[in-house]
Amino acid sequence: MNLSRNKRPLYLQIMNILKDRILHGVYPLGTNIPSEPQLEQEFNVSKITVRNAIKELAQEGYLEKGSGKGTKVIRNASLSKLSKWKRFTEVLVEEGHQIHKQLLRAEIVSNTPGTLPYQLFGERCFYIERLYHLDDRPYIHYSHYLSLQMSTIELTDLNEQSLYELLEDHGIALEKYRDEFAAVTASSHVEDMLQVKPGTPLLNRLRYSYDEQGTLIEFSAGHYSTEMHNYVVNYDI
């Protein structure tokens, strides 16, 4: 896997990729992650770089190193700013599912007048299309819209890294979210991507993501095939 040599230290990039795999069930709770030599080969980095990445994850409580026993996953939930709220993907992983992300395309597009992306970003914006697989079956289709300034971001591997963490790598911290939900029928393209019958009702989540100044950074539309799994929100009291 190719890492960016022009942004954060390599060990932090590897740390984020490994953390994302843990949070999405690629490395299940109680199992060992690949050995250090395997990670060195995968990322084409030195032993010390891999060890620093693992050290960071151990300090954050995700991993535990055992002498001669490998490195075990001991936590698969993130520390959210909303401490009593769990991300939906974390709920799925806790239930034993695996989440696999697929980057479909990323490009500058022209927005149609009268559409929500046109109202938010004007004539053109940066568009990212992704598909989430639940246990190897298409489950969520995401369309992300960002301002043109974001088109300079190096998308090293959105199949492995969180979009929000990628923005943070470039100094863009998101501080506020607004979500809207509705039951809809999607476009034929989304239906094809999710492999559902025409006219199938889907859960639609619209998300508005803002930075600390209140500037809209990202707008996304997610379509969930809830016939496979309901959308769940868990709160710890």
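Mentor: Rings of Phe, Tyr and Trp pair if their centres lie within 6.5 Å. This is a predicted model, and by that rule the count comes to 12 aromatic pairs.

Trainee: Why is the pair of Y139 and Y224 called edge-to-face?

Mentor: The centres of Y139 and Y224 are 6.3 Å apart, and the limit is within 6.5 Å, so the two rings count as a pair. Their planes stand at 85 degrees; because an angle over 60 counts as edge-to-face, that label applies.

Trainee: What makes this pair a tie between parts of the chain?

Mentor: Y139 lies in strand β6 (residues 137-146) and Y224 in strand β9 (residues 216-224), so the pair ties together parts that are 85 residues apart in sequence. Both Y139 and Y224 are buried, a term for under 20% relative accessible area.

Trainee: Which label does the pair of Y142 and Y224 receive?

Mentor: Edge-to-face, with 6.1 Å between centres and 85 degrees between planes. Y142 belongs to strand β6 and Y224 to strand β9, so this pair ties together parts 82 residues apart in sequence. Y142 and Y224 are both buried.

Trainee: Which residues do ring pairs link into a cluster?

Mentor: The cluster consists of F88, Y132, Y139, Y142, F181, Y224 and Y231.

Trainee: How do you know that the charged end of R75 sits over the ring of Y62?

Mentor: The charged end of R75 is 4.0 Å from the ring centre of Y62. The distance limit is within 6 Å, and the direction must be within 35 degrees of the ring normal. K176 likewise lies over the face of Y210, at 5.8 Å from the ring centre.

How values were computed
Residues numbered from 1 in each chain as written. Predicted model: local features only at pLDDT ≥ 70, side-chain atom pairs only at ≥ 80, totals over all residues. Heavy atoms only, no water. Phe/Tyr/Trp six-rings, centres within 6.5 Å; stacked < 30°, edge-to-face > 60°. Helix = DSSP H or I, 4+ residues; strand = E, 2+ residues; numbered from the N terminus. Buried < 20%, exposed > 50% of the residue type's maximum accessible area, 1.4 Å probe, protein only.
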